[in-house]
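Dear colleague,

Please find below the structure I am handing over to you. My notes on it follow directly after.

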Amino acid sequence: MISEEEARRKMLGAIQPLPTRRVSISSALDSFAAADVAARLPLPTFDNSAMDGYAVVASSCKKGERLRVTGEQSAGPDRRLRVSPDEAVRTFTGAPVPRGADAIVMQEDVTRDGDEIVINTNVEAGEFVRRRGCDLAEGQKILGKGERIGPAVIALLASQGFAEVRIGGEAKAAILATGDELVKPGRKLEPGQIYESNSALLNALLQRCGAIVKSEEHCRDERESLIEAIKRGIENNVLIISGGVSVGEHDLVKDALHELGAQIDIWRVAIKPGKPFVFGQLNECAVFGLPGNPVSAFVTFLQFVRPAILKMMGATNLDPPQLPARLTVDLTNDSDRAHYIRGRLEHGKFAPVGRQESHALFGLSQSNALLRLALGQSLKADEIVDVQIWDS
Ligand code: AMP
Ligand code: MG
């Protein structure tokens, strides 16, 4: 049995980022930038009006002043108009500010009188003018290599005229659930059988971290069919096998992987739940064997599979999202492994929920955060702790 830290270090050492690709910005949501991106335009790109109103020379705009309206500039092609001290140009939001003008008077603050306006307010230079480059300078970094691309970053790329962006590789994954007792949802359950829920869990978790699920298979605890199913699964970048990684006579996964020539880097990690975790490499595929108990599969996915997939996809930050929380109860870990407590984080407080056992799927479904208790660690109620979150 190795420590969680050593297991993560070994596993991540074996994972390489996948080849990068160029995609349209609309396909880039939640992927990771493959290179730094710099602004090629300032934002705003030119001085423009923040209001519907009149472009003026501020120093000539005392309250009660009359100005002649000499033209109109709407948002669109720059008509290259010019404004002199006793003049105004009708302008609209987003319109280029005419030369000579240094302020926009809102239309609500003037009285229109034929070809003239009367100014009803004092005007300061710069008022309602959105200056070129005041938001973003040309050449400024707008996206860092390995950063996640969210909706606002996609909009920023579009505002710079980028139709495409280079992102990290696409991680293709296969799921293989093993167990003679398992029946696919939708079918009839016989005595002794249970519904197979880990494929659904893993599929959802894979989607959450941006991987593409290529196949979902169920296989009996039988050597030959397991070997054949593994051969199909390793056509992908990642194969996640659920169940059959423990020490019983029906736990055949490790032997099947050995038989196929896999390099097993990790077996058994000091983590609760999730001890009988396997990580190995077979051909070009990263193979994860997760314990069959649903909570163990969940916890080992978040601690090991997720960072591996993020690294493949070119992410820089592989850590789980964390938030500080006030603990509601005393907790002690007197087991021989790091313990992940399932709980609910609400209004800044973390409270354990449900049964803290590896089969307790209902309790897991009620939780939204995990608290890691290190070996021998004791925490007191009201302490501030960091918890990992997955549903915010
Ligand atoms: P195993 O890791 O194969 O020894 O399985 C451990 C426990 O998890 C057993 O109670 C199994 O019935 C259960 N289990 C294994 N695979 C699944 C699955 N795909 N869905 C739900 N429960 C499972
Ligand atoms: Mg089993």
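Does Ser60 count as buried or exposed? In this predicted model, Ser60 has a relative accessibility of 15%, which is under the 20% cut-off, and therefore counts as buried. The residue belongs to the loop that links strand E4 (53-56) and strand E5 (66-73). Beyond its neighbours within four places in sequence, Ser60 is in contact with Glu65, Leu67 and Pro85. With Pro85 there is also a polar contact: a polar side-chain atom of Ser60 lies 2.4 Å from the backbone oxygen of Pro85.

Strands E4 and E5 both belong to an open sheet of six strands, ordered E7-E4-E6-E5-E9-E8 and mixed in its pairing. Strand E7 (103-106) and strand E8 (110-113) stand at the edges; each has a single partner strand, so one side of each is left without a neighbour in the sheet. From one strand to the next, the twist averages 40 degrees. Strand E8 runs antiparallel to strand E9 (residues 116-119), and four bridges join the two. In one of these pairings, Asp113 has Glu116 of E9 as its bridge partner.

Turning to the ligand, 15 residues surround ligand 1, and the closest are Glu181, Glu196, Ser197, Gly244 and Gly292. The side chain of Glu181 places an N or O atom 2.5 Å from an oxygen atom of ligand 1. Backbone atoms take part as well: an N or O atom of Gly244 lies 2.9 Å from a ligand oxygen, and a polar backbone atom of Gly292 is 2.9 Å from an oxygen atom of ligand 1. Taken alone, ligand 1 exposes 480 Å², of which the protein buries 77%.

With kind regards

How values were computed. Residues numbered from 1 in each chain as written. Chains lettered and ligands numbered in written order. Predicted model: local features only at pLDDT ≥ 70, side-chain atom pairs only at ≥ 80, totals over all residues. Heavy atoms only, no water. Pairing = 2+ DSSP bridges. Axes fitted to C-alpha atoms, helices over the stretch in contact; angles between N-to-C directions. Buried < 20%, exposed > 50% of the residue type's maximum accessible area, 1.4 Å probe, protein only. Polar contact = N/O pair within 3.5 Å; in protein donor to acceptor, adjacent residues only side chain to side chain. Contact = heavy atoms within 4.5 Å. Near = heavy atom within 4 Å. Areas by Shrake-Rupley, 256 points an atom, 1.4 Å probe, with all protein chains shown as cover.
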